[in-house]
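Please examine the sequence and the structure shown here before reading on.

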Amino acid sequence: MANSLKIALAGNPNSGKTTLFNALTGSEQYVGNWPGVTVEKKDGILSGHKDVIIQDLPGIYSLSPYSIEEKVSRRFLVEEGPDAILNIVDGTNIERNLYFSTQLAELGLPMVMAVNMMDVVKKNGDKIDFGKIAKALRCEVVGISALKNEGGMEAAEKVVEMAKKAVVEKGPGKLPDVPHVFSGSVEHAIAHIEESIQGKVPLRSIRWYAIKVFERDREIIKKLEIGVGEMKHIEEHIRDCEKELGDDAESIITSQRYDFIKRLMDKSLALNESRKGKATLSDKIDKFVTHRILALPIFILSLCVMWFLAVAENGPGTVLTDWANDGFLADGWHVPFTTHECRAEGKYKGMEFEDAQGEFAKQDASKSAWEEAYLEKINEGKSDDDKVEEMPEEIDEKVAATIVAKDVFVEDEETGEPLAKECDCENCAKKRESGEECEGCGCGCGEPDLWDVDFAAYKAAKEFEEPDLKQFGVWVPGLGALITDALDKAGVSDTVKSLVVDGAWGGVATVLGFVPVIFIVFLFLAFLEDCGYMARVAFIMDRLLRRFGLSGKSFIPMLVGKGCGVPAVMAARAIENERARRMTVILATFVPCGAKTVIIAMFSALFFREQWYVAAMMDVVGIAIIVLGGIALKKTRFFAGEASSFVLELPAYHMPTVSGVWHHTWNRLKGYVLKSGLIIFPACVVLWFVMHFDWSLNLLADEEIEKSILHDLGSWIAWMFEPLGFGSWQGAAASVSAEIAKEQATATLGLVAANMDGATTGSHIQALFASLSDFPKLAALSFMMFNLFVPPCMVAIAVTFREMGSQKWGWFAVGFQLFVGYVLALSVYRIGVLVAGGGFGIWTALAFALDAFCLWAIFRPARKERA
Amino acid sequence: MTLAELKEGERARIVRVSGEEAVKRHLGALGFVAGTVVRVVGESYGNMILAVHESRIAVNDATARDIDVDAV
C-alpha cells in the first residue's frame, strides 16, 4: 500500500461526508484511532481503485485548533500530507461551508470540491455557478448528491486524476497557485511572513503557515522555531494591520475570509428569493421539540420508547436476548412461525412441545406418587435402619398389584397447589380466553386436577421420557450445541471439553448474549442522532446538566451508557470543555448498562418478587448518582469554575438512511463484540482455571469448588465485603469476576453457590445469602448495588484511563466510582439492618459517617470561581 | 445591545463577539463575525436557536450575552 494514493475526505459536520465515504468505499473500511489521540480515523479503499485510499477526516468547521478533532485533522493535512483533498460542501449552506474550503485551498494540495445535496438545491430553485467558485478557489468543483448516490464517484475519479498528475509534476519547490482572499495590508504582512519562514515549511503549504503565524497560532509558531528578532519584525507587521483595521489578527482573518466568500457568493449564487427568511419544516418541528414546556415530555417519551424496545418484559429486546442466550448461543432454537409438532416416533408424535411437557409432568407425578406409595407399603413395620429408601429394581408384583396412589396431582410451580383441570368444552374455552373463572357448566373445569394411579398406570407412566426439544418442529442447533458435538466427535478429554465449553465459550457467550439489547439501544440512538434529534436533546438538557458541572452534550454518552459503557465513555469526546468531558467520563458508567441489567433481572427474580420497583429504582439510583456526584465533583478544586458557553449546530431534520444508521450502530457495537474476543475470552479461561483447579493443579469436580484456587483468593479479600453483608469467599469471588464483565457476577454466583442447599441454581443463591446474613434480602440488595455502581467492567476501565488522558485522572475516576459503590452498598445494608431491628454496630456508625461526608460534599458552599 | 435581548423572530447584525478565545474562534468559523445578520428562530429560558447563513446554531444564554448586535 506504500505506493497507493491517499485522498483526504474533508468537510463540515452534517455535510454528508459519512454518506459519501460509505458510498465510495463500500465495505472496505478500516476504523482506528489517530496515533496518540482518541479521535476516530477511518480509511477505506476506493471502490474499483485498489491503489487509492480514502481517508475520512472528522467533520470540522475550521483548521484552527478549537477541538481535538480540528487539531488532529490539521496535523494530518499539513504534516502527513495526503496526495489530494476531496472537500465535501453542503450546497444548501454553501456560504458557511466555503469558510473551511478557503482554508483547505491554502494548503496548496490538488483539491476537488464536491458540492453535495444538489437535488435539494435544485428543488429549492437556487442556482450555483461552479465555474466562478472553481476559478476563485483554484480547484475543481462538481455537483453531487451523496444521498441519491449521484456524482460522488465522478468527483472521486476526478480527484484521483488530479493527484496522479500532481505526483508526476512534483518538482523541487514550486509556489502553488492559491487564492488570495485578504485585503491589501493583510496580504502585505502575510507576504513578509512567507519570506521569513521560507525553507522551514513545504513550499506548497507556505501560505497556510504564514496565515497561521499571522493569527499568532501558538502551536505553529513553536513548531517553526522562528527567531526572536524575526518574530519581533513579524509582530510589527501584524500590529500595523490590527491598528489599521481596529480588530485582533485572528478576527481580521475570520471576517475577511467571510467578506471574500460574500463577494464570491454575490457573483455565483442565485438564491430563490421567495424562500428567504421563511421558517423551514425543521424550524416548525423545533417549535415543538425545543418548546419550553413540551421539550422535556417529548424527550422522556422517546426514552420510554427506547426503554421498552430494549429492556421491557416481552419487548423485542428481551425476546431477542432470550433467543440469543438459550437458542443461538446454547442448545438451539425453533424456526419461528412454524408448528412445533414432534417429529420423532414415540409417545409424543404429533404433539406440540408444551402439551408434551404437560403430559410428561403428569406421568412423572404418577410415577413418583406410586413409587412413594409402594415404598411406604414395603417399609411397613420395618425399623428405620431396614427401610428401603430407593425404588428396588425388582418389584414385588403381588404387592404392587394392590397399590393405588390416590389423588395424584401436578404441582403449580408458584403456589405448590394442584394444577386446575382444563376441559375442552366450548363454553370453558371461551371463558378461559376472556380470562374469566370457568364454572358452572358441570364439566369440572377449574377444579383441582386429581387422579389415581394403579400398577398398570405406573408401568405405562414409566415408559415416558422427558420430551426432547430438539425433536419438535424445525430445530436449528445452537453454537453451544455445535461446539459440544464437535468436541465429542474429536474425542477430547473431559478437562479440555470443560475448558472450552464452560470456560472460554461460556464467557464469550454471556457477552454475546447481550448483543440484542445493546444492538437495539444503539440502533435507536443511531436513528435519533442521524435524524437530527440528538443535537436538540443536547440543547434541551444543557440548561439542566450545567448545574451539575456537565454539558448538554454529556447526555448522549449517558444514553449510550444504557447499552454499553465502553462506547459511552468514548462518546464523551464530542464535549469540548475539558472539565465537563472528564466529569462525563467519570459519571456516564453509573447508568446501568446492558450487562448490569442482567444482574438486576436475576436479583429481582430471586429476592424482590414482591418489590417490583427495585429493578426500576436502579436506573433512578444511577441518575441520582450522576446528579449528586456531579454537584459534589463540581465543588472540588478539580472541577470548579463555570463551563459557560454552549454552541452546537442543529442539523436540519431528515429521514436517516438505512445504511447510515447501520454503519453508525455497527461502529459502536463492534467494540462490544470485539471485547468479548480480546479481553473476555482470556479472562474467562483464567477464571475457569482458578475455579477448577487447586493449588497443586489437580482438576476438581464441580462439587469440590471449595478446594479451588478461587475459594482461597476469595477468602483472602472477603473481609472487605464483611461490612456490606456478603463477606464470604463466594461474594468476593463473584464481585471480582464481575470486573471482567458485569454479567459474570450472576454466572459466578451460580457456580460458587452450587454447594448450598436447594433444588435449583436460584435456590442455591437464595440459600447462600441466607447463610451470609440474618437479613438476606438486604445482603442481596447490597451485593447488587455494589456490583452496579462500583467501577464498570475492566474494558470500560481501560477506555476510561485512555479517555482521561493520564494515569492520575484514570485513578481518580476509578477511585471515585469505587467510593460511591462501596458507600452505597454499606449504607443500604447497615442502615437497612438498623431499621429492620438488627442493631447498631461499628459499621453502622461508619455508614452514617460516610453518608454525612457525602452530604457535606454535596451541600457545602461552592468554591469561589478562579478569576 | 446583545443577542440575548432579542426576541423570537427578530433579526440583528453582529457588531462584535467577545468571550473566551477558543469559543470566539469557533463562533467565527460558524459564521458569527461582524456584519453577519442573524435571526432568532427559537428561544427557551434564554437559550437560543439562531439562523446564521443557512444553518441553525444553538447557543446558551451566556454565549448569547457575549455577542453584541445592532438592530436591522
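## Overall form of chain B

A compact globule of 72 residues would have a radius of gyration near 11 Å, and chain B, with 11 Å, therefore agrees with that expectation. Along the principal axes, the C-alpha atoms of chain B fill a box of roughly 30 × 25 × 25 Å.

This is a predicted model. Its scores are ipTM 0.96 and pTM 0.79. For chain B, the mean pLDDT is 92, and 100% of the residues reach 70 or more.

## Fold of chain B

Chain B contains 2 helices and 5 strands. In sequence order, these elements follow the pattern β-α-β-β-β-α-β.

Of the 72 residues in chain B, 54% are buried. Among contacts in chain B with a separation of 6 or more, 52% join residues 24 or more positions apart.

## The interface with chain A

In this model, 32 residues of chain A are in contact with 31 residues of chain B. On the chain A side, α3 (94-105), α11 (249-268), α12 (281-289), α22 (533-545) and β14 (647-650) each supply at least two residues. The most is given by α11(A), with 5 residues. By residue type, the side of chain A that touches chain B comprises 10 nonpolar, 12 polar and 10 charged residues.

## Strand pairing between the chains

The two chains are also linked by strand pairing: β14(A) pairs with strand β4 (residues 55-59) of chain B in the antiparallel sense, over 4 bridges. Within β4(B), B:Ile57 is the bridge partner of A:Glu649.

Terms used
Residues are numbered from 1 along each chain as its sequence is written. Chains are lettered from A and ligands numbered from 1 in the order in which they are written. This is a predicted model: local features need pLDDT of at least 70, side-chain atom pairs count only at pLDDT 80 or more; totals for chains, interfaces and linings use all residues. pLDDT is the predictor's confidence in each residue, from 0 to 100. Two residues are in contact if their C-beta atoms, placed from the backbone, lie within 7 Å. Ala, Val, Leu, Ile, Met, Phe, Trp, Tyr, Cys and Pro count as nonpolar, Asp, Glu, Lys and Arg as charged, and the others, Gly among them, as polar. Two strands pair if DSSP finds at least two bridges between them. The radius of gyration is taken over C-alpha atoms; the globule rule is 2.2 Å times the number of residues to the power 0.38. A residue is buried if 20 or more other C-beta atoms lie within 10 Å of its own, exposed if 12 or fewer, and partly exposed in between; C-beta atoms are placed from the backbone.
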